[in-house]
Amino acid sequence: MDIDQRYAYEAEEPRPEEPAADESVPGKSVPDASAADEARIMQLAAGGGFARALAVAARLGIADILDGGRLPYHEIAARGGADPDVTRRLMETLTLCGVFERDACGDYGLAAAFARLRGSHPRSLRNFCVLMAETYDDAFAGLPHTVATGESGFERVFGKPLYAYLAGDPEAERVFDAAMAELARPVVAELARRADFGTVRRVIDIGGGDGTVLAGVLAAHPLLEGVCVDRPSVCERARARLRAGAGERPADGRLAFRPADIFAEVPAGGDRYLLKNVLHDWDAERRLRILTVVREAMLRTEATRATPRLLIVEPLQESDADGAHTLFQMVMCGKDTELFTGPEMHKLVQTAGFTLLSAERLAGGHHVFECVAVAS
Ligand SMILES: C[S@@+](CC[C@H](N)C(=O)[O-])C[C@H]1O[C@@H](n2cnc3c(N)ncnc32)[C@H](O)[C@@H]1O
């Protein structure tokens, strides 16, 4: 970074605007931006570098290395396997942002507000920080292409769509799956409280990632079993974690992983089907295709047990404040994949052959649409 970051982060009290010379007109003065305005611009412009610095700290596991205490920079570097001089500058940079605190002896500790950088925190955001500053930020190099054409910037940069790319880069995919799990945890807690799960036997989570959503629901309902359907590489890694007893996975055989391409097949036999944060990744035609495959599986199920239900869980476009999320989605997957509005979701489920039973907004902002398949 090429700017004085201390200046950028130590925003001064707003000062009255001072006239500054307009160099194009001799003797003429125009109002200059206040120092605070200038600092805000510089802070935003340098944001990418700070996000990368945060991600490097997350990758090195510095928050876990500190383990609630304080250490000198050279000890942090030694434990993280990093260069001590650069680690010192990294710590100073992130101290400016409020991530770390430096005491009078020069030792660093993690600021309380950044406790979620620890991988061991139950609401950790460690992998999310890495995903945002690495794969997603790389994809944002394609933003000009998305703005000009409406096409995915991700594809422009990586030469293939998001999931095809992840399938060929196990480390990027591991971070992606773990970041999705981190984002899902607050939603799972609310979803699992839905009393409805207590009356049924089997939940099938379609595009369920590493199984975090199912694991949370199963933990709250001890008689329930779950099948997590996802791409083969995702299921393979998740199974290995389950075998290793990692995370909060139930080790009692109630959670299974089923590799499948959800555009082609979804298993029958579920009492509840879950589709969380899956549909918005795709254009209208492919959203409809996924729902058609799910509906066929549900209709096959009805022949053998009580009518299954589908729970679609999605963040919606509710206000202009969701514009940033939508832009982000467009860069990753193209313009046709922007977030749904409520009426768009109603129309989609009807077109796909479902009857909408209820729509509910969860406290965290996701919406749950409960549907049954209509036989044609
Ligand atoms: C945005 S993530 C959501 C994960 C999880 N449902 C959650 O909410 O945390 C979308 C998921 O869809 C999966 N997926 C994408 N294409 C797929 C396909 N063709 N077949 C199966 N799963 C797929 C991805 O691997 C990923 O786990």
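By class, the shell around the ligand has 8 nonpolar, 4 polar and 5 charged residues. Here Ala, Val, Leu, Ile, Met, Phe, Trp, Tyr, Cys and Pro count as nonpolar, Asp, Glu, Lys and Arg as charged, and the others, Gly among them, as polar. Of the 17 residues around the ligand, the nearest are Met-180, Ala-184, Gly-207, Gly-209 and Asn-277; a residue is near a molecule if its C-beta atom, placed from the backbone, lies within 6 Å of it.

The model is predicted: local features need pLDDT of at least 70, side-chain atom pairs count only at pLDDT 80 or more, and totals for chains, interfaces and linings use all residues. Residues are numbered from 1 along each chain as its sequence is written.

The protein has 16 helices and 12 strands, taken as DSSP runs (helices H or I, at least four residues; strands E, at least two) numbered from the N terminus. Along the principal axes, the C-alpha trace spans about 85 × 50 × 40 Å. Of the 376 residues, 35% are buried, that is, with 20 or more other C-beta atoms within 10 Å of their own, against 12 or fewer for exposed residues; C-beta atoms are placed from the backbone.

Helix α6 covers residues 84-96. Its two sides compare as follows.

| Side of α6 | Residues |
|---|---|
| Buried | Thr-87, Leu-90, Met-91, Thr-93, Leu-94 |
| Exposed, turned away from the buried side | Asp-85, Arg-89 |

The buried residues of α6 fall within an arc of 160° seen down its axis, so they line one face of the helix; the arc is that of the directions from the helix axis to the C-beta atoms. After α6 comes Gly-98, with a positive phi near 90°.

Technical notes: Expected span 1.5 Å × (residues − 1).
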